[in-house]
Amino acid sequence: MSDSRRRSRANQEESGGSTNGVGGQNRPERSGDMGDEDDIGGGPSGISQEDDDPTRRREIRSKYRDLINEVQQNREDMLNPANNKLTDVLEEANKLFANVRQAREAALDAQLLVLATDLGKEKASQLHAEGSSFDPSAFAEHLLSFMDLNRLEDESGMDGNLEGYLPEGAWLKLAKRAENCFRTAPAFHYMLGSFLAEPPPPRQRVERQRRVPSREEKRIMPTQLKKMEESHQEATEKEVERILGCLQRYFADDSRKADKAINLKPSLSGTAEEPISYYEFVIDPNSFSRTVENIFHMSFLIRDGLARMYLENGLPYIAPVEEGEMQPSGAAVRHQCVISISQESWREIIDAFDIKQALIPPP
Amino acid sequence: MSQRKKAGPASQNKTQRRSQLLLEEDEDATFSQITSSQAQRARENFTSDQIDHKVAEVVQFILIKDQKKIPIRRADIGKHVIKDYKHIYAEVMKRVCRTFEQVFGLKLVEIDLKQHIYILINKLEPIRGQTVSMHPGNQKMGLLFAILSVIFMKGGTVKENLVWNTLKKLRVDPGEKHDEFGDVKKVVTEEFVRQKYLEYGKIPHTEPVEYEFRWGLRAEKEVSKLKLLEFVGELFDQDPQSWTQQFREASASETSSQST
């Protein structure tokens, strides 16, 4: 398949060649410039077979590419003033160009020429016709000596090794001396220093940001708290009232009790005006924490004067205060006591009084 | 539809930047469009005090901008300081230059006449043994000096490899982080170039691309080639005149800078 392609390309080149043949009338002049190899030169009838030979052209192209690569890869080498490699390349290119007939090869030749001229320019710039030369490596060495390089004692003295170290402030010393060559304007600084411009603005921003949310939070807080407190208060007050209700119920007549009370037991002491044993009233045999709550709520009742507690036969009893008996809280004789209960005593009391059910129904 | 959408965020930034640059170029162009009659009329609009105040502002702006040694653009001066006073820009700048010379001993030099960028240089010649600024010397000056000397002594253009090799001999390796200079390659190819001390350009027709160094516009104005040659002569223990070509060039630039 590649064969047929090659053949078709050859055909194309031939046909292209025939059109070139019209322009080929200039060719005799060109070949005249070139010099020798003129037996190829066809007449005005068109380009001869040899010019069109694709293999030959490919050869030329590949040689050009080789030359271009050589120039690019060995750039440093070509620039070396000690040799004439660049000239050799140019001469080779010249020889090759003698065989060039068509634009494609000529383009490669032009590319090579561009590279070669660039190199030529560089090579020329390297020439310093007069005056002594300047060697950057020697310059570097002198600079190092100026900067007081500490050469280590066992320095082998080879070029490749970088022995020794520069002391502290070496570059500073060089800078000071070099400053002399500069007409630098001194950098502008306030003599007595300045306030640090940076920190304040961010701080303000942060403060403002912080202040705003806290204000909002405070606004939210009170409403929340109020709600909370109310609920607490409501809860406590409700509980206290509920317990007062229980107490009064138990203290009231049997008949009334029989209708309402679910937890009523015949063995209850609280019948018809009989005082209720404090322990039996308050203790919940199923839950210690509810027992403590009941004691807590009872204490409110006693504080408010709605119930009274007294000792009889060494045991505490409670009874609600009658409507009529209620005295203004300030005038009543007040005694204070602290009631405490622990889980152990709680269980002992349950055993002692044989409390099976809570008198105060759980909320 | 999604395929036709050209502008991603990256290209949007590019177009924004381009349009911003165009805007600034337009602003800059208005400077040159002001006729002398317009300027005359405009000067009458402002009191002498106002103009003096504006001059002081420009002076302060330039002094602070010069701290980093990055050249100042005329467009920046126009945008940030002069603003409404654009029509008397020429008058303001004249007074600014005068202030710099008489009060500070500095010269405001326009180093690029096409792009209109300015630098401040010292009007007074440095004296041997005296430090120019109160602050401790900048070590990068030493590095810069070494590079500038090599470029100058080698005819004005060197390939980057020559610079890197010389620096390596000075124990400064562009591939490694240096104790005092940090990222050396960045300092040399970016910082010094931005400050216009050096020029870092591509060599044409090279594959792979190679770069070369030249003296930058700031260095041309700020550095005394003669003094540099003197120092090189001291280092080599040679008479500076022995480098005849460089000596000729240095003397020529010295006389030209003295005449300005």
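User: Happy to be looking at this one with you! In which order do the three strands of the open sheet in chain B lie?

Analyst: Good place to start, and keep in mind that this is a predicted model. The three strands form an open sheet with antiparallel pairing. Strands β1 (72–73) and β2 (106–112) of chain B stand at the edges with a single partner strand each, so one side of each has no neighbour in the sheet. Reading across, the order is β1-β3-β2.

User: How many bridges pair β2(B) with β3(B)?

Analyst: Strand β3 of chain B covers residues 117–122, and its pairing with β2(B) is antiparallel. One example is Asp112(B), whose bridge partner in β3(B) is Ile117(B). Over the pairing of β2(B) and β3(B), the number of bridges is six.

User: Which helix lies across β2 and β3 of chain B?

Analyst: The helix in question spans residues 89–104 of chain B. Its direction makes an angle of about 130° with β2(B). That is helix α5 of chain B.

User: Is Ile111(B) buried or exposed?

Analyst: Ile111(B) sits in strand β2 of chain B. Beyond residues up to four places away in sequence, Ile111(B) touches Pro71(B), Ile117(B), Ile119(B), Lys196(B), Leu217(B), Arg218(B) and Lys221(B). Its relative accessible area is 9%, and the cut-off for this class is under 20%, so Ile111(B) counts as buried.

User: What distance separates the C-alpha atoms of Ile111(B) and Leu217(B)?

Analyst: Leu217(B) is one of the residues that Ile111(B) touches. Along the chain the two are 106 residues apart. Their C-alpha atoms are separated by 6.1 Å.

User: Let's move to chain A. With which side chain does the side chain of Asp109(A) make a polar contact?

Analyst: Asp109(A) belongs to helix α7 (residues 103–126) of chain A, and it is buried, with a relative accessible area of 13%. Leaving out neighbours within four places in sequence, Asp109(A) is in contact with Tyr64(A), Ala93(A) and Phe97(A). The polar contact, at 2.5 Å, is with the side chain of Tyr64(A).

User: Which residue in the turn between β2(A) and β3(A) has a positive phi?

Analyst: Strands β2 (residues 307–312) and β3 (residues 315–320) of chain A run antiparallel and are joined by six bridges. Within this pairing, Arg308(A) stands opposite Ala319(A). The two strands form a hairpin with two residues between them, and the one with a positive phi, about 55°, is Asn313(A).

User: Now for the interface: how much area do chain A and chain B bury between them?

Analyst: The contact takes 50 residues from chain A and 69 residues from chain B. Of the buried area, 62% is on carbon and sulfur atoms. The total is about 5,400 Å². On the chain A side, the residues losing the most area to chain B, together 18% of what that side buries, are Trp171(A), Phe182(A) and Arg183(A).

User: Which residue of chain B forms a salt bridge with Arg177(A)?

Analyst: Between the two chains there is one salt bridge, and there are 10 residue pairs in polar contact with both residues at pLDDT 80 or more. In the salt bridge of Arg177(A), the closest N and O atoms are 3.0 Å apart. The partner is Glu234(B).

Terms used. Residues numbered from 1 in each chain as written. Chains lettered and ligands numbered in written order. Predicted model: local features only at pLDDT ≥ 70, side-chain atom pairs only at ≥ 80, totals over all residues. Heavy atoms only, no water. Helix = DSSP H or I, 4+ residues; strand = E, 2+ residues; numbered from the N terminus. Buried < 20%, exposed > 50% of the residue type's maximum accessible area, 1.4 Å probe, protein only. Polar contact = N/O pair within 3.5 Å; in protein donor to acceptor, adjacent residues only side chain to side chain. Contact = heavy atoms within 4.5 Å. Pairing = 2+ DSSP bridges. Axes fitted to C-alpha atoms, helices over the stretch in contact; angles between N-to-C directions. Buried area = accessible area lost by both parts, 1.4 Å probe. Salt bridge = Lys/Arg side-chain N within 4 Å of Asp/Glu carboxyl O.
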